[in-house]
Amino acid sequence: MPSTLPEGEVAPRDGSLPETAVREAASRPLGFYLHVPFCASRCGYCDFNTYTAKELGGGGSQASYAETAVEEVRMARRVLGRLDRPVETVFFGGGTPTLLPAKDLGRMLAAVRNEFGLAAGAEVTTEANPESVDARYLEELLAAGFTRVSFGMQSASSHVLKILDRQHTPGRALEAVKEATAAGFEHVNLDLIYGTPGESLEDWRTSLESALSAEPDHVSAYALIVEDGTQLARRIRRGELPMPDDDDLADKYVLADEMLSAQGLTWYEVSNWARTEDARCRHNELYWRGDTWWGIGPGAHSHVGGIRWWNVKHPSAYAERLNAGESPAHARETLDPETRRIERVLLEIRLSAGLPVEVLDEPGRTAATEIITNGLATLTTNNHLVLTNRGRLLADAVVRDLLP
Ligand SMILES: C[S@@+](CC[C@H](N)C(=O)[O-])C[C@H]1O[C@@H](n2cnc3c(N)ncnc32)[C@H](O)[C@@H]1O
Ligand code: SF4
């Protein structure tokens, strides 16, 4: 979740939503995102809405955070009073959710369960920094009802981790996977980043080999994005570090896809690979398909039936709103049908299931024919446009052509 918030329409102070939006949401899977906006230290590349204890100062303390977040879950129940369906996915993200005691995460999850009910087989994920958990902590998470852990490994090279300001050793992520598996977690993800200044192709190969040696059932591999306003962007601007190079990023993507596929991890979204269909991140799939999600926490975004809103950014402002019995929403927008169509194109073309051609307008369909002729996509028997290996490398260019 980026740290800058757009302005939008005024959001009602009681959080209420149009009846039509809630009615539409009832026909789609429901997920909860719970943002935990705290980190032990800041990584220079990261633009997420998160604060160290020093940055936080007095307000919005970590100790009271779970209770404040639970208040927003209760508010969600009041606002969605007419929506009667259990939650399919819950995702704790950050920040560093695992900086809070496991019992705090358990309390937040219990609030979702008590207010809405969890569907049978619900997916409950938390992100975790490798150094922020131990075997006991992971056991507590499992006992609280978590089903999946996503570790931010990023790299197996010490010098790359150093440039990224990561606090863990290369080996710690692998130990954490072992601890999670031993605790009984069936689903474990490793997040990797490629293209860090100073990372060679061999460094990246080592990171992939190392990640695969831990046998996670899911890997996300993201090209390093140089976000405006970050320490990394400043270091690049000052000439201390080079800008990631597009050709190098493409080589590293190809290597990732080859090595992950060879070990039985198949891509299902451009940056995500899973061992089985069951191992896919259903919560992210819910975003990519434009389903219903409520984002709890400062800066969190929500989507219910074509209404999208985002919360105030600072943990103190967030706590103040909820303590006053008010919605923490900062602003919202009503998505018109054309905006929703464009978002479908942007997101669904990145999926291995592909984009239904019927979503494209006339110029988009003409572009699709050319994209297929150029070997960047194929058409399935059910008329879905699916990116080829080369198309995945040029996904952004394909999108620009499909939305002329
Ligand atoms: C924001 S972090 C939260 C989880 C946890 N704090 C961690 O760092 O592992 C979630 C993931 O976002 C990805 N990420 C954050 N900033 C990024 C950037 N500038 N470029 C690429 N990936 C990024 C990283 O892969 C990271 O694992
Ligand atoms: S630990 Fe994760 S959320 Fe925190 S600053 Fe680093 S990448 Fe961002």
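How far does a polar side-chain atom of Q154 lie from an oxygen atom of ligand 1?

1. The distance is 2.8 Å, and it belongs to a predicted model in which local features need pLDDT of at least 70, side-chain atom pairs count only at pLDDT 80 or more, and totals for chains, interfaces and linings use all residues. Residues are numbered from 1 along each chain as its sequence is written, chains are lettered from A and ligands numbered from 1 in the order in which they are written, and side-chain values use heavy atoms, with hydrogens and water left out.

2. Q154 belongs to strand β4 (residues 148-154), which is largely enclosed by the rest of the structure, because 7 of its 7 residues are buried (under 20% relative accessible area, with a 1.4 Å probe and protein chains only). Strands here are DSSP E runs of at least two residues, numbered from the N terminus.

3. In a regular strand the side chains alternate between the two faces of the sheet. Along β4, R148, S150, G152 and Q154 point one way, while V149, F151 and M153 point the other way.

4. Two strands pair if DSSP finds at least two bridges between them. Strand β3 (residues 118-128) runs parallel to β4 and is joined to it by 4 bridges, with T126 opposite V149; strand β5 (residues 187-194) is also parallel to β4, over 6 bridges, and there L192 stands opposite Q154.

5. Taken alone, ligand 1 exposes 540 Å², of which the protein buries 93% (Shrake-Rupley areas with a 1.4 Å probe).

Technical notes:
Buried < 20%, exposed > 50% of the residue type's maximum accessible area, 1.4 Å probe, protein only. Polar contact = N/O pair within 3.5 Å; in protein donor to acceptor, adjacent residues only side chain to side chain.
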